[in-house]
Amino acid sequence: MTETPGVAASGARAAAAATNYGIISTGDGATIDSRTVHLPAEAFTAPAEVVAAGGLTNLPAPHSPVFVGRRADMAELSAAMSDGPPTTPAVVHGLGGMGKSTLALHFAHHHRSRYNPIWWIPAETPSSITHALADLAAWLNPYAHLTTGNSAEGAAWALNWLQTHEGWLLVFDNAESPGDLESVIGPLTTGRHLITSRRSTGWHRLAKPLALRTLPSEAAVDMLTRIIEADDIEESDASSAAVLERIAAELGHLPLAMEQAAAYMQYTALTPDAYLERLRRYPARMFAASAPTGAVGESDNHRTVARIWQLSLRAITAEAPLAGEILRTFAWFSSEPVPRDVAHALHADPIMVDEALALLHTYSMITLTRRTFTIHRLVRAVTRTPDPADPHRAADAIVRAQQQAEQVLRRSLPDDPLSNVAGWARWRSLLPHIHALTDLISPEQDTEDTAAICLPTSVFLQREGHFDLAVGYAERAVTAFGELRGPDDPITFAARSFLASALRAAGDLERAVPLHLRNLADCERVLGPGHPDTLVARSNLAYLHALKGDVRDALELHRRNLADYARTLGPDHPHTLNARANLASSYRSAGDLARAVELHDQSLTDHERVLGPTHPETLTARSNLAYALQLAGEFDRAIALHERVLADRERVFGPSHPHTELARQLLTGAQEAQQARSGPGAD
């Protein structure tokens, strides 16, 4: 190097040069490689004095020109970025594939005239943040790299510049951890920050969280239609629109999944019908399928929901393997909220379960509340679909998860669905998951756990008045127990009994009668005439005789049953109380109202004493007495009882329950009958 008089280095690492031929070395690895370098004064200008060039940005172009259904989200984001001090960034969080980056990118492009510079920072790791800030420094001052030796120093120069200027916007995309950003954002008191992240928690000290949801159904269909650009899908083509709606529903209205599907349909020239058929028949392959790079609507052929969630699960299970087990197990449940305590059946340590749920929520794989958690429909579908390329979806792991889901659900069901009033709310919260699980498992795969879920579910559905559904569950239980335990096992008899009762309640006496007859004969043959299950079978047959008008046969069976129940179970057993009520109803059907009123009165007294005044069976006993009194012409007492039954059922069941509606009809009928009796021409 040729020395130049009057030019001197100013300190450590500084290089003094006017004209240089070759390489300047600072002694710590930083070099300036140039044949001739003239260093202007700008090379040593303080960051505070550097003025950003107009329109400085590194924003990528949106990978898809289609951006629909986000008007409300954009407005909420704009408000969050305008309100409050600049030191409160906004963080858009949500499930991978929800469109967080897309929303942030469109916001940044829309506001290019508002901010300068706008800098897009990949924020998956601290090093990626550092490199992006160093790049910003180089663009703010092309000579900044001459006075910095590495990316960390370049990032420091950029942060110095940001702290001394206003009106800029940094977008931290796909931030993995709030801790990675605190050291960057914390010191900056000017400009604005926008963050996107799959993590939903941990931001309270750093940013204002904005949860991003799935697209509305109409917007999802609009997105599919625009990307496909199919001329034959018109607004008037109701069938094609309906297929697109079904595709959107299958994909859970997740933007990336919609974009992935539409790009694939366009690339392969598949009709929506054909794509839907393949999606249902080959889910694993379709979840991973994408149009190749360069196809419309797809800029990265690795950017699929399956790949994104695989990366999330890799991080989750590395920290808590139980989290992956929870996700695989409850992928067999519904998208409706799952009671949190159900998950505790998976592990003896409740704290480990709570922390695993929290981790899944942090990565937006589930939505967690203090009482429930939910899993997005498409997350469920992908998670329970085997894929040899995904270690989290190995076939044997998914089979184990299915079996575990059955066991967990079975253990979570309340006892005695007929009379356990306290358990009814629990039943209603679990019904969507029972429906989902039994729909996903074919009857040929049924285990004892499946059958043990179906049988009490049928009983509860009968209690709720959903007789057709009750029949379906009872039929499945009968088939499963018959194959697993044999036709003469008591549990098979019980399942057949509930099936016959469900058919009878549904009005299908043609099928109910032979089942009741067979069940009684089988119980007497296998269990004996005095066995409690035999008495139940006889009671059911007696009730059926009454429905058919065979009053004499019904009375005889009910008398025999009452005596047998009282002898074997005692006078206050619920079965004995029920037998007395059934006998009273038979006397009423036979026209012996005096005897019917007497027995119904005794039945109500016994029910109130044994079960309590508001127990569902007590309400039924009170309703039966009211109806018998009505038929006997004692309208004042009958109406008073009907009114009490209606009030109690509205409180216990709710105003729209079938039992409540029946009470309302009985009250109205009694009032009309009383008016008719006392009207013109009455005796």
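**Reading burial, cores and helix packing in a predicted model**

At 15% relative accessibility, Met74 counts as buried (buried means under 20% relative accessible area, exposed over 50%, partly exposed in between, with a 1.4 Å probe and protein chains only). The model is predicted: local features need pLDDT of at least 70, side-chain atom pairs count only at pLDDT 80 or more, and totals for chains, interfaces and linings use all residues. Residues are numbered from 1 along each chain as its sequence is written, and side-chain values use heavy atoms, with hydrogens and water left out.

Me: Where is Met74 placed, and which residues does Met74 touch, not counting residues up to four places away in sequence?

Reply: Contact means heavy atoms within 4.5 Å. Helices (H or I, at least four residues) and strands (E, at least two) are DSSP runs, numbered from the N terminus. Met74 lies in helix α1 (residues 71-82). Apart from residues up to four places away in sequence, Met74 touches Phe67, Leu103, His106 and Phe107.

Me: How many helices and strands does the protein chain have, and what percentage of its residues count as buried?

Reply: The protein chain has 28 helices and ten strands. Of its 683 residues, 49% count as buried. Among contacts between residues at least 6 apart in sequence, 65% join residues at least 24 apart.

Me: How many residues has the largest nonpolar core?

Reply: In soluble globular proteins, nonpolar side chains tend to be buried together. A nonpolar core is a set of buried Ala, Val, Leu, Ile, Met, Phe, Trp, Tyr and Cys residues joined through side-chain atoms within 4.5 Å. Here the largest such core has 131 residues, and those with the most contacts inside it are Leu194, Trp309, Phe330 and Leu378. Helix α19 (residues 467-485) gives the most to this core, with eight residues. A second, separate core of 30 residues includes Ala52, Ala155, Leu162 and Trp203.

Me: Which residues are in contact with Leu194, leaving aside its neighbours within four places in sequence?

Reply: With those neighbours left aside, the contacts of Leu194 include Leu77, Met81, Phe107 and Phe172.

Me: At what angle do α17 and α19 pack?

Reply: Two packed helices are described by the angle between their axes and the distance between the axes. Axes are lines fitted to C-alpha atoms, for helices over the stretch in contact, and angles run from 0 to 180 degrees between N-to-C directions. Helix α17 (residues 424-440) packs with α19 at about 50 degrees, their axes 13 Å apart. That makes α17 oblique to α19 (under 35 degrees is roughly parallel, over 145 roughly antiparallel, 65 to 115 roughly perpendicular and the rest oblique). Ile434, His435 and Thr438 of α17 meet Leu469, Tyr473 and Arg476 of α19.

Me: How do α11 and α12 cross, and which residues make the contact?

Reply: The axes of helix α11 (residues 305-319) and α12 come within 5 Å and cross at roughly 125 degrees. The two helices are therefore oblique to each other. Leu313, Ile316, Thr317 and Glu319 of α11 make the contact with Pro321, Ala323, Gly324 and Leu327 of α12. Helix α12 (residues 321-330) is mostly covered, with eight of its ten residues buried.
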